[in-house]
Amino acid sequence: MAGFLKSLAKSAGPKLAIGLGLGGAALLATHWIDRPAGDDAKPTTTAQAQPTVPDPAKPVERRSDQGMAVDPGALRVKRVLKIDGPFRHGDYAWDENGAPATGPVIITVDLRAQTLSVFRAGYEIGAAVILYGATDKPSPKGAFPIMAKHADYFSRTYDNAPMPFAQRLTNDGVFIHGSDVQWGRGTHGCIGVPKAFAQKLFGVTKLGDMVIITDGKMLDVSQAQVSG
């Protein structure tokens, strides 16, 4: 593994991608609710209609085996972070300089490379070495929206274990959350990232943002710039 991580560090950065098989429709959209004016006013008075108010669509609850389809156009990488030296357990990089302040956020996780990357509008702004599910509780593969966020969370299943800055991906308990990321450790299916990184990640995501988990499939970064 050490040799793999060294070779990984020499590249433009830990990147993850999905193959064309994940192509399809699929970014979550918002819907609108019309709020009609009341009809109980005096006959001589015309009630004023209230303006429509956007109501963000709630992400659909999904199990670990119910990954969603992905729009390939959403995965275009414009810039990757430059990471010098070995990328070891507990390490992370974060740099929003030069990246758009707004735009869609997509998180990619490569279980084989043991890395997570976060992109905003196609610009990589963060990357970290991760923990992932052990053999008896593997992390799921597929694309999942963030369905809930809890800055201060504790496991309901595993002895009230702390899960700081938890972001829930599935309704059967798979989260991204802060962990003590050390070599040889694993999770019960969750994606564990360094706690400081988890806090930064928590701050840039919203409900419905997509997390794509694969096992070795790489994003095409051949046309991407490398941050200075």
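The model is predicted, so local features are reported at pLDDT of at least 70 and side-chain atom pairs only at pLDDT 80 or more, while totals for chains, interfaces and linings use all residues. Residues are numbered from 1 along each chain as its sequence is written, and side-chain values use heavy atoms, with hydrogens and water left out.

The chain contains two helices and 14 strands, taken as DSSP runs numbered from the N terminus (helices: H or I, at least four residues; strands: E, at least two). Of its 228 residues, 43% are buried, where buried stands for under 20% relative accessible area, exposed for over 50% and partly exposed for the range in between (1.4 Å probe, protein chains only). The chain exposes about 12,300 Å², and carbon and sulfur atoms supply 52% of that area; the areas follow the Shrake-Rupley method with a 1.4 Å probe, and for residues only the protein chains shown count as cover. Among contacts (heavy atoms within 4.5 Å) between residues at least 6 apart in sequence, 70% join residues at least 24 apart.

Five of its five residues are buried, so β11 is largely enclosed by the rest of the structure. Strands count as paired if DSSP finds at least two bridges between them. Strand β10 (residues 166–168) pairs with β11 in the antiparallel sense over two bridges, and Q167 stands opposite I176. Six residues lie between the strands of this hairpin, where G173 takes a positive phi near 95°. Strand β12 (residues 191–194) runs parallel to β11 and is joined to it by four bridges, with H177 opposite G192.

The largest pocket also involves β11, which gives four residues, the largest share of the lining. A pocket here is an open set of points on a 1 Å grid over the protein atoms alone, where a 1.4 Å probe fits, with protein on both sides within 12 Å along at least five of seven lines; lining residues have an atom within 4 Å of a point. The space in the largest pocket comes to about 740 Å³, a volume filled by probe spheres set on grid points that are joined across faces, edges and corners. Its lining has 33 residues, and S155, Y158, M163, H177 and C190 lie nearest the centre. By class, the lining divides into 12 nonpolar, 14 polar and seven charged residues, with Ala, Val, Leu, Ile, Met, Phe, Trp, Tyr, Cys and Pro taken as nonpolar, Asp, Glu, Lys and Arg as charged, and the others, Gly among them, as polar.

Q114, in the loop between β5 (105–110) and β6 (115–120), has a positive phi of about 60° although it is not a glycine; Q114 is buried, with a relative accessible area of 7%. A121, in the loop between β6 and β7 (123–129), has a positive phi near 50° and counts as buried at 19% relative accessibility.

Finally, P194 lies in strand β12 and is buried, with a relative accessible area of 8%. P194 and Y92 are 102 residues apart in sequence, yet their C-alpha atoms are 7.4 Å apart in space. Leaving aside neighbours within four places in sequence, P194 is in contact with G90, D91, Y92, A128, V129, S179 and V181.
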